[in-house]
Structure formats: structure tokens, C-alpha cells
Amino acid sequence: MRSAVCPPKSALAFWAIAGRMGVMVRHGPFSLVLSVLILCALSGCVFRPADRHRAPARPAALPNNAMMRQCTAELTRMGAAFHVLPDKREPGGCSAINTVLLTGAGARITQLRATQCPLARNFVAWVKGPVQQAARDIYGQPVIRVDTLGSYACRQVRGIASASLSEHAFANAIDVGGFGLADGRRIAVLTGWNGSQQDAAFLRRIRKAACRQFQTVLSPDYNLAHRDHLHLDMGRGPYCR
Ligand SMILES: [Zn+2]
């Protein structure tokens, strides 16, 4: 399942260019559909995998200073490297409220964006606990890097305006693509899930542990859109596949 997201700014730019080029767009159902298709093709639409398991539309989280104080204190106690981000609301209902930018949890964490603090806290607990334990048991060495595919992303189901937003649209989901081991080896979800016995065992073991830590966990077993990552969120659940 793939979704198309048309950035409004590039759409406006397209119309400006189209106007200068003398492109005529008449009103009517056919020309409207054609216009949207042309606009999407030329205005830099981003096509990317969508998470099929999504929470229905809901209001953004409210700023919660007391919760943030407690949550960030726990992150510090767990030895996480992070800083608090300002609250952000975007058009279309997306928001990143009560978030941190997490860059380390014992291991280096790459490419994360805004992440709601409770999700970040559970992620740190997962990495420092079951992920490191599985790495030591299976590979005899620690994980030194967790390669994510990001967290906050303002996106909807299949790009349909009326569809509900992904947990990513609330900074409430993290996608993990792979892990780096101390000896330089990399375990990727894409190649490891059905790869060597070691990699397959490691990835299934940490998925099972993730199902105890997060509300929703989606792996390559869920669908093709998740063939290259584990989706971890603190939305509705529990759902584990
Ligand atoms: Zn995801």
C-alpha cells in the first residue's frame, strides 16, 4: 500500500508555473481529476509506504508539563541522550506535542525526529533491555547503533484528505530499519527477516519483546509496506504482528 503526499507549497508553485505557461484548466469532474494527476506528477509528490494499521482521527495531545518533567527525568536516569523540542502544530491536524529528540540510548540512535516523550522512554527501555540482551545472546556483542527511518511525519492513510492520520502524524511512532553491532556488522530488517538463522532469530526476538513495550508493533509479517522496518507506536492497541 502506498500513499501520495503533495506538499502544498510545491503545488502552489506548480500552479504559478502552469499559469505562466498558459495551461488552461477548465472546471468539471474529468478536468479536475486530470489536473490533480498532473499536479501530483509535476509538483514533487512524495510516494512512500503507508502504515495500514492506524488510529482513527483524534485531537492532538495537550501540552503536559508535569508529565514531561517526570518523563525527561526518567530518560536522564536511563542514560538517554536527548533534548526537549518545542511543541508544534501543523495544518491538517498533525502535531508534535510533548516531544524530545532522542539521539542515544547507550547505542547511538540515528535519524529520529520529534518523538513523544513516553514513546521515547519505552524505546530507550526496549533498546537498553531486550535488544541489547538479544544481541549479546545471539551475536556475543552489543548493538552500538540503532538505524531508524524516523518518527514524526505528517501523513495520512493513502494520501486521502478525509482519511485518518498515522500515529507518525502525532510523533507517536518510530520505524526501525536496522542495527549496527560493535564489530561493524549491520542487521537490516529488509535482508535479515528471512536472512541468516542468527538475524532472523534476533529480529523475531526483539519484535516479541517490543510487543510488551509498545501498543502496536508491525513487522515484515504484517504486510509488504513493512518489509524493511519495525513500526513501533504508542497509539491504540494492543496489536502485534
Ligand atoms: Zn511506521
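1. Pro 238 sits in the loop between strand 13 and strand 14 (239-240). A cis peptide bond joins Gly 237 to Pro 238, with omega about 0 degrees. Helices (H or I, at least four residues) and strands (E, at least two) here are DSSP runs, numbered from the N terminus.

2. Before going further, some housekeeping. This is a predicted model, in which local features need pLDDT of at least 70, side-chain atom pairs count only at pLDDT 80 or more, and totals for chains, interfaces and linings use all residues. Residues are numbered from 1 along each chain as its sequence is written.

3. Most residues other than glycine have a negative phi. Gln 111, in the loop between strand 7 (107-110) and strand 8 (115-116), has phi near 65 degrees. Ala 171, in the loop between strand 9 (143-148) and strand 10 (173-181), has phi near 60 degrees. The cut-offs are 20 or more other C-beta atoms within 10 Å for buried, 12 or fewer for exposed, and partly exposed in between, with C-beta atoms placed from the backbone.

4. Helix 6 (residues 197-213) has 17 residues and spans 25 Å from first C-alpha to last, close to the expected 24 Å. That expectation is 1.5 Å times one less than the number of residues. The buried residues of helix 6 are Asp 199, Phe 202, Leu 203, Ile 206, Arg 207 and Ala 210. Seen down the axis, they fall within an arc of 130 degrees, so they line one face of the helix; the arc is taken from the directions from the helix axis to the C-beta atoms. Among the elements covering these residues are helix 4 (117-139), strand 11 (186-188) and strand 12 (216-218).

5. Val 217, in strand 12, counts as buried with 25 C-beta neighbours inside 10 Å. Beyond four places in sequence, its contacts (C-beta atoms, placed from the backbone, within 7 Å) include Arg 207 and Ala 210, both of which are buried residues of helix 6. Other contacts of Val 217 include Leu 230, His 231 and Leu 232.

6. Now the sheet. Strands pair if DSSP finds at least two bridges between them. Ile 174 has Leu 232 of strand 13 as its bridge partner. Strands 10 and 11 form a hairpin with four residues between them, and Gly 184 in the turn has a positive phi of about 95 degrees.

7. Finally, the cores (sets of buried Ala, Val, Leu, Ile, Met, Phe, Trp, Tyr and Cys residues joined through C-beta atoms within 7 Å). The largest has 39 residues, and those touching the most other members include Phe 123, Val 127 and Leu 232. Helix 4 gives the largest share of this core, 10 residues. A second, separate core of 10 residues includes Cys 94, Tyr 152, Cys 154 and Ala 171.

Notes:
Two residues are in contact if their C-beta atoms, placed from the backbone, lie within 7 Å.
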